Amino acid sequence: MPPFPGFVVAAPRGIGEIEEGCDLAWVVLEALAREALRPEPGDVVVLAQKIVSKAEGRSVALDDVTPSEAARALAAKTGKDPRLVALILGEADRVLRARPGLIIVRHRLGHVLANAGIDASNVPDGRVLLLPEDPDRSCARIRAALARRCGVDLGVVINDSLGRPWRLGTAGAAIGAAGVAALLDLRGTADRHGRKLRTTELGLADEIAAAASIMMGQAGESRPVALLRGLPYPAGDGRAADLIRPAAQDLFA
């Protein structure tokens, strides 16, 4: 990758279907090698949530789901498949809003999501894909495997496309992280006029995820892995869980 006054993002082509039990560290390194890319210290690998969920066996056949009475009642209110609603309730700590065609929940991981992040795109008909059980743990495991294989300490982020309150459109966001400062505290640093920042905390893992998402795409691009190089921040030891606002500070949920 040539020198550049900033950071660069590379998203290798041609990554095939990911099956349960797949070695994602091997997938990443093989994809990078096809593009003549060799990991370097300070690089961050970003993986699409879907390939992590697939590798971890988080695909569910709707025909295997038996809805509860609560799921059937919420399905009748929203017009959704009762089996899907049962899975949503199983992944949710709390239903925040529900209307025809829409269920917003606080996910057990703390994220506020439509349908608890459960998705039917890029999976076979009749199946849906749940978020990884513990995305931060997944990142730590993949990071360790990459270090063993290539001898380089890399950051790892799991990216998902999330909606945002009061704004249209989805944007890449980090649901898992390891080896990066997920929430970078800039309080006490000076602006260009010498004034100390008093409240600024940077959601660095989310910004990494959003930058990678541009190259990874949203549909059939088959680019579920990206490599970021040249980030202007040092490596850290954060988790995506660091980005979740504590419920006591949430004025809207």
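**Entry 1**

Is arginine 239 buried, partly exposed or exposed? I looked it up, keeping in mind that this is a predicted model. Arginine 239 has a relative accessible area of 45%. That value falls between the 20% limit for buried and the 50% limit for exposed, so arginine 239 counts as partly exposed. I then checked for a partner and found aspartate 242, which makes a salt bridge with arginine 239. Their closest N and O atoms lie 3.7 Å apart. Aspartate 242 is partly exposed too, at 33% relative accessible area.

I also noted a network here: Arg58, Glu91, Arg108 and Glu133 are joined into one by salt bridges that share partners.

**Entry 2: salt bridges across the chain**

How many salt bridges does a search of the whole structure find? I have written down 13.

My next pick was aspartate 23 with arginine 149, whose side chains meet at 2.3 Å, N to O. Aspartate 23 is partly exposed at 31%, and arginine 149 is partly exposed at 44%.

Then I turned to aspartate 43 and arginine 229, a salt bridge with its closest N and O atoms 2.6 Å apart. This pair also links distant parts of the chain, 186 residues apart. I placed aspartate 43 in the loop between α1 and β2 (44-48), and arginine 229 in strand β12 (residues 225-229). Are aspartate 43 and arginine 229 buried or exposed? I have both of them down as buried.

**Entry 3: two helices packing**

For packed helices, I want the angle between their axes and the distance between the axes. I took helix α3 (residues 69-78) and helix α4 (residues 82-91), which pack at about 115 degrees with their axes 8 Å apart. The crossing of α3 past α4 is right-handed.

Which residues of α3 and α4 meet? From α3 I listed Ala70, Ala71, Arg72, Leu74, Ala75 and Thr78. From α4 I listed Pro82, Val85, Ala86 and Leu89. Sorted by class, the contact of α3 with α4 comes to 8 nonpolar, 1 polar and 1 charged residues.

Methods:
Residues numbered from 1 in each chain as written. Predicted model: local features only at pLDDT ≥ 70, side-chain atom pairs only at ≥ 80, totals over all residues. Heavy atoms only, no water. Axes fitted to C-alpha atoms, helices over the stretch in contact; angles between N-to-C directions. Helix = DSSP H or I, 4+ residues; strand = E, 2+ residues; numbered from the N terminus. Left-handed = near helix turned anticlockwise from the far one by under 90°. Contact = heavy atoms within 4.5 Å. Nonpolar A, V, L, I, M, F, W, Y, C, P; charged D, E, K, R; others polar. Salt bridge = Lys/Arg side-chain N within 4 Å of Asp/Glu carboxyl O. Buried < 20%, exposed > 50% of the residue type's maximum accessible area, 1.4 Å probe, protein only.
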